[in-house]
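Me: I have a structure to look through and I'm new to it. Can we go over it piece by piece?

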Amino acid sequence: MRPYQLQEIATWVDGEFYGRGELEILNADIIRDATAGCLTFAEKPEYFQKAADCEASAVLIPEGSVEQFREISQKDVLAVSRVTECFAKLVSLFRRPLPCPTPGVSEKAVIDPSAQIGPGVHIAPGAVIGPDVVISGECRIHAGVHLMSGVSVGTATEIFPNVVVYENCIVGAQCRLHANCVIGAHGFGYESSTGEHFPGPQLGNVVIGDHVEIGAGTSIDRATFGSTSIGEGTKIDNQVQIGHNCRIGKRNLICAQVGIAGSCTTGDNVVLAGQVGIGDHISIGQKTILGAKAGVMADIPEGQVYLGAPATPVKQQMSIVAATHRLPEMRRKIKQLERQLEKLQENADAGGSSSVHDAA
């Protein structure tokens with residue numbers, strides 16, 4: 001890969017360079033790993049000192065912050081409006097992208113004759129495409145994928161190795177389903193009135209909207225009768241569990257190891273941080289943020305930030321945490337007060353005995 005001058009890069013990302021326009025940039029890397037000849041990035045002022053101290057030759061920073069950065073470093077800088085987005089472009093410039101699978105159906109794939117395969121589709125060896133499956137154009141189906149009967153996949157969706165999509169589930173357009181995720185498995189619902197556990201009906205499906213990304217190892221259960229749904233533009237991290245009958249809103253961000261029990265709903269633009277747990281039949285309002293490990297046992301209105309287990313509004317939770325941190329000190333004071341009370345009681349008892357003896 002040839003080097004690029006800083007002024008070339010500035011033109012390419014529609015930015016402004018400050019320093020040596022002829023400076024040759026050999027690579028783009030994060031602050032931790034940057035070496036001489038690299039361009040790194042600092043999207044916030046709190047990262048400026050680390051960027052100044054690292055070995056990178058130039059730094060990508062937000063426009064309007066050049067003077068602030070130059071107060072601590074004379075490194076060459078490139079100022080842009082969208083730092084992270086531009087840095088991603090630069091990384092792709094210096095790193096050869098993975099080859100895009102060429103359209104075509106492998107002879108080693110198993111495809112039912114009733115399946116409908118659109119134009120420009122890539123199906124890799126070992127994929128299994130069941131009866132009445134519909135795969136729209138430009139999709140990429142990697143090795144080991146199993147699409148069971150009646151599945152529908154929208155245009156330009158990519159399904160990575162070993163994904164399983166159960167029968168009659170619908171995947172939208174321009175989605176990405178990462179390795180080993182499972183869409184439409186049976187929900188965890190049992191009838192136990194007789195003392196034994198008998199599985200309930202599993203007659204529904206999963207409907208995934210357009211532009212959804214689902215991480216590796218994530219499971220989304222099918223509905224009992226209707227549809228478990230994932231709203232358009234939602235991004236789901238690895239190892240997430242979404243129970244049967246849930247309705248996830250648009251543009252949600254659901255981080256790793258979140259567990260959502262059955263029949264929950266979330267509004268649009270909800271954020272669930274890592275390891276959040278939500279009980280069944282809970283409703284989360286739009287634009288709400290649940291902090292890591294929050295345990296939700298009741299409905300939460302829109303536009304809130306909740307933390308803790310059980311989850312409470314952020315200010316209340318901070319008070320609880322502050323009080324919890326004071327418990328050792330409070331315990332010591334209580335013991336000290338107990339000892340003082342014991343001495344006072346002893347003195348009182350001793351004084352009372354003397355008075356009685358003197359009177360006698």
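Me: Where is the place of E342?
Reply: E342 is in helix α6. Helices here are DSSP runs of H or I with at least four residues, strands are E runs of at least two, and both are numbered from the N terminus. This is a predicted model, where local features need pLDDT of at least 70, side-chain atom pairs count only at pLDDT 80 or more, and totals for chains, interfaces and linings use all residues. Residues are numbered from 1 along each chain as its sequence is written, and side-chain values use heavy atoms, with hydrogens and water left out.

Me: Which residues form the negative surface patch with E342?
Reply: E338, E346 and D349 form that negative patch together with E342. Patch residues have over 30% relative accessible area and no salt bridge, and like charges are joined within 9 Å. The areas come from the Shrake-Rupley method with a 1.4 Å probe.

Me: And which residues form a positive patch?
Reply: R331, K335, R339 and K343 do. R339 is also in helix α6, which covers residues 327-359.

Me: New topic. How many salt bridges does the structure hold?
Reply: There are eight salt bridges. The term means a side-chain nitrogen of Lys or Arg within 4 Å of a carboxyl oxygen of Asp or Glu.

Me: Which residue does K333 form one with?
Reply: K333 pairs with E329, and their closest N and O atoms are 3.3 Å apart. Both lie in helix α6, four residues apart, about one turn of the helix. K333 is partly exposed at 45%, and E329 is partly exposed at 33%.

Me: What about R140, which side chain does it meet?
Reply: R140 meets E158 in a salt bridge, at 2.9 Å from N to O. R140 lies in strand β14 (residues 140-141) and E158 in strand β17 (residues 158-159), so this pair ties together parts 18 residues apart in sequence.

Me: Buried or exposed, those two?
Reply: R140 is partly exposed at 25%, while E158 is buried at 8%.

Me: What does E85 form a salt bridge with?
Reply: With R82, the closest N and O atoms being 3.9 Å apart. E85 is partly exposed at 41%, and R82 is exposed at 53%.

Me: Now the strands. What is the order in the sheet of ten?
Reply: The order is β9-β12-β15-β18-β21-β26-β29-β32-β35-β38, an open sheet with parallel pairing. Two strands pair if DSSP finds at least two bridges between them.

Me: Which strands are at the edges?
Reply: β9 (110-111) and β38 (295-296) are the edge strands, and each pairs on one side only.

Me: How many bridges join β21 to β26?
Reply: Three bridges join β21 (residues 182-185) to β26 (residues 219-221), and the two run parallel. V182 stands opposite S219 in β26.

Me: What does β24 pair with?
Reply: β24 (residues 205-208) pairs with β27 (residues 227-230) in the parallel sense, over four bridges. N205 stands opposite S227 in β27.

Me: And which strand does β27 pair with over two bridges?
Reply: β27 pairs with β30 (residues 247-248), also in the parallel sense. There, R247 in β30 is the bridge partner of S229.

Technical notes: Patch = residues over 30% accessible without salt bridge, like charges linked within 9 Å, V, L, I, M, F, W, Y side chains within 5 Å. Lys, Arg positive; Asp, Glu negative; His and termini not counted. Charge placed at Lys NZ, Arg CZ, Asp CG, Glu CD. Buried < 20%, exposed > 50% of the residue type's maximum accessible area, 1.4 Å probe, protein only.
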